Amino acid sequence: ELQQLRRATRALLWASIGESVFCFFVVFGAVTAIAWLTGALSPLTGAGPYIAAGLLAGAIAVATAPASTIAVIRELSASGPVSRAIVASVAVNNGASITLYGITVVIARALLGTAPETLWLQAVMPLAVTGGSLALGLLVGLITDWVVHRLSLRSEVLIVSLGAVFFCGGVAELMGFSAMLAGLAAGFALVN
């Protein structure tokens, strides 16, 4: 909920960004160094393949598993500012991971010499996917909110909400967007 997030927004953003950046650089450095020291990519020439491998591994490492985080919070019946901050942090980390991965793929392709002529277009795609996913989710969430407020039975609300989640995920997949980010944005719009 927006009211609860406002209190901790600055701390949440700094913690999420700090965690993502720190994790990215630690994994990037470790994978690049280990691949170079072991000669794992020795058939390829130059430093490009080692850096590309490190970039991709670093971007993947930033992702946080939302299912396991929520399962632990539910199992412990945890509620409060810390558990809300953790859930929000997972959402921010996964959004950052999706965007960062798309950007690092473009850089890795350029380092390996396999980048197509439209490199600038590929560099913009991760941002477009993130923005499109969020916009789709917000739209579905707002429409769902409008429908839900006209229903009276709890079972109807649950059915419409579940249908909205499936619809949002399906449309996101068809459009090449992130179903997870779209679902998060839909939930955000619905709750607020």
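Colleague: Is Ser20 buried or exposed, going by its relative accessible area?

Modeller: Buried stands for under 20% relative accessible area, exposed for over 50%, and partly exposed for what lies in between, with a 1.4 Å probe and protein chains only. Ser20 has a relative accessible area of 10%, so Ser20 is buried. Please keep in mind that this is a predicted model, where local features need pLDDT of at least 70 and side-chain atom pairs count only at pLDDT 80 or more, while totals for chains, interfaces and linings use all residues. Residues are numbered from 1 along each chain as its sequence is written, and side-chain values use heavy atoms, with hydrogens and water left out.

Colleague: Which residues is Ser20 in contact with, leaving aside its neighbours within four places in sequence?

Modeller: A contact means heavy atoms within 4.5 Å. With those neighbours set aside, Ser20 is in contact with Val62, Asn93 and Ala96.

Colleague: Where does Ser20 lie in the secondary structure?

Modeller: Helices (H or I, at least four residues) and strands (E, at least two) are DSSP runs, numbered from the N terminus. Ser20 lies in helix H1, and the chain as a whole comes to 7 helices and 0 strands.

Colleague: How many aromatic pairs does the structure hold?

Modeller: Rings of Phe, Tyr and Trp (its six-membered ring) pair if their centres lie within 6.5 Å, and planes under 30 degrees apart count as stacked, over 60 as edge-to-face and the rest as tilted. The structure holds 2 aromatic pairs. One of them joins Phe24 and Phe25, which are edge-to-face, with 5.2 Å centre to centre and 80° between the planes.

Colleague: Why is the pair of Phe24 and Phe28 stacked?

Modeller: The ring centres of Phe24 and Phe28 are 6.1 Å apart and their planes stand at 5°, so this pair counts as stacked. Both residues lie in helix H1 (residues 2–38), 4 residues apart, which is about one turn of the helix. Phe24, Phe25 and Phe28 together form one aromatic cluster.

Colleague: Which class of accessibility does Phe24 fall into, buried or exposed?

Modeller: Phe24 counts as buried because its relative accessibility is 9%, whereas Phe25, at 51%, counts as exposed. Across the chain of 192 residues, buried residues make up 28%.

Colleague: What share of the contacts between residues at least 6 apart in sequence join residues at least 24 apart?

Modeller: For this chain, that share is 71%.
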